[in-house]
Amino acid sequence: MIESESRGHPSVRLDVARGTEDAVRHLLELGHRRIGHLAASHDRPTFRLRRRAVDRLVGGKVPRAGSDFTLGTAQATTLGLLREHSELTALFCDDDVLAAGAYLAVRELALRIPDDISIVGFDGLDIGRVLDPPLTTVVADAAELGRVAFELLVAQLAGKRPRSRVLPVELEIRGSTAAPR
């Protein structure tokens, strides 16, 4: 199992709770208190873990909107979220593609990143490096995730009982986050 768990089956997943906590803590340490969550609309264990981590750290009712993984939908969803919650100074996005859509929305509203709103993504996709400013993101090693999953599968097929694994992630701070004004 990849990014999921099932009794009796080995799994490999990213440490998304810690990665989300690192990202939200970074925003809190910068002084943000009005943080929104651009969430994946998919109900999967990895996204439930992210949602719980955001809620735990931000506290209270977190302004949240769900989107699928397309730029257009992420842009439209972010527009709605920011229009309804104009007080937000930062967004945590469940994915870098969602963050890229958020960039489009922020620009459509004539806001500046990070001067008016800080944005953090998740996954460490190459798109984050070419955004302007480059996206602060939680970097996950997708190749390692696949390698370990294959290793567990081979071991299980060989009759072994491999242990499930949780792989580390790392927050990479770039230009999309700053202290709120």
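**Stop 1: the largest pocket**

Start with the largest pocket, which holds about 210 Å³ of space. This is a predicted model, so read every stop as a prediction. Select Leu14, Asp123, Ala140, Ala142 and Leu145: of the 14 lining residues, these are the closest to the pocket centre. Now colour two helices, α2 (45-58) and α6 (142-157). Each supplies at least two residues of the lining. Which helix gives the most to the lining? The answer is α2, with three residues.

**Stop 2: Asp123**

Keep Asp123 selected, as one of the residues closest to the pocket centre. Asp123 sits in strand β5. Check its backbone: phi is near 130°, a positive value in a residue other than glycine.

**Stop 3: strand β5**

Look at both neighbours in turn.

On one pairing, β5 meets strand β4 (residues 90-93) in the parallel sense, over three bridges. Pick Ile119 and find Leu91 opposite. Then pick Ala90: the bridge partner in β5 is Ser118.

On another pairing, β5 runs parallel to strand β6 (residues 136-139), and four bridges join them. Val120 has Thr136 as its bridge partner. Phe122 stands opposite Val138.

**Stop 4: Val120**

Zoom in on Val120, in β5. Is Val120 buried or exposed? Its relative accessible area is 0%, so Val120 is buried. Show its contacts beyond four places in sequence. Among them are Leu91, Phe92 and Cys93, residues that belong to β4. The contacts also include Ala23, Leu27, Leu135, Thr137, Leu171 and Thr177. Now draw a distance from Val120 to Thr20, C-alpha to C-alpha. The two are 100 residues apart in sequence and 9.6 Å apart in space.

**Stop 5: strand β4**

Move to β4. Both of its faces are covered. Ala90 and Phe92 are buried on one side, Leu91 and Cys93 on the other. Select Gly36, and Leu91 is what stands opposite in β4. Leu91 also stands opposite Ile119 in β5.

**Stop 6: the whole sheet**

Zoom out and colour the strands. The sheet is open, has six strands and shows mixed pairing. Trace the order: β3-β2-β4-β5-β6-β8. The edge strands are β3 (64-67) and β8 (170-172), each pairing on one side only. Look along the sheet for the twist, which averages 20° from one strand to the next.

**Stop 7: helix α4 and the crossover**

Select residues 96-108, helix α4. With β4 and β5, α4 makes a right-handed β-α-β unit. Which strands does α4 lie across? They are β2, β3, β4, β5 and β6, and the helix runs at about 155° to β5.

**Stop 8**

Follow the chain into the loop between α4 and β5, and stop at Ala110. Phi is near 60° here, a positive value in a residue other than glycine. Ala110 has a relative accessible area of 65%, so Ala110 counts as exposed.

Go on to Pro114, in the loop between α4 and β5. A cis peptide bond joins Ile113 and Pro114, with omega about 0°.

**Stop 9: another cis proline**

Jump to the loop between α5 (127-130) and β6, and select Pro133. Asp132 and Pro133 are joined by a cis peptide bond, again with omega about 0°.

**Stop 10: Ser11**

Finish at Ser11, in the segment before β1 (12-14). Why does Ser11 count as buried? Its relative accessible area is 3%, and buried means under 20%. Show what surrounds it. Leaving aside neighbours within four places in sequence, Ser11 is in contact with Met1, Ser4, Glu5, Leu152, Ser164 and Arg165.

Note on methods: Residues numbered from 1 in each chain as written. Predicted model: local features only at pLDDT ≥ 70, side-chain atom pairs only at ≥ 80, totals over all residues. Heavy atoms only, no water. Pairing = 2+ DSSP bridges. Right-handed = clockwise from strand over helix to strand, strands pointing away. Axes fitted to C-alpha atoms, helices over the stretch in contact; angles between N-to-C directions. Contact = heavy atoms within 4.5 Å. 1 Å grid on protein atoms, 1.4 Å probe; cavity = no way out; pocket = protein on both sides within 12 Å on 5 of 7 lines; lining within 4 Å. Points joined across faces, edges and corners; volume = space filled by probe spheres on them. Buried < 20%, exposed > 50% of the residue type's maximum accessible area, 1.4 Å probe, protein only.
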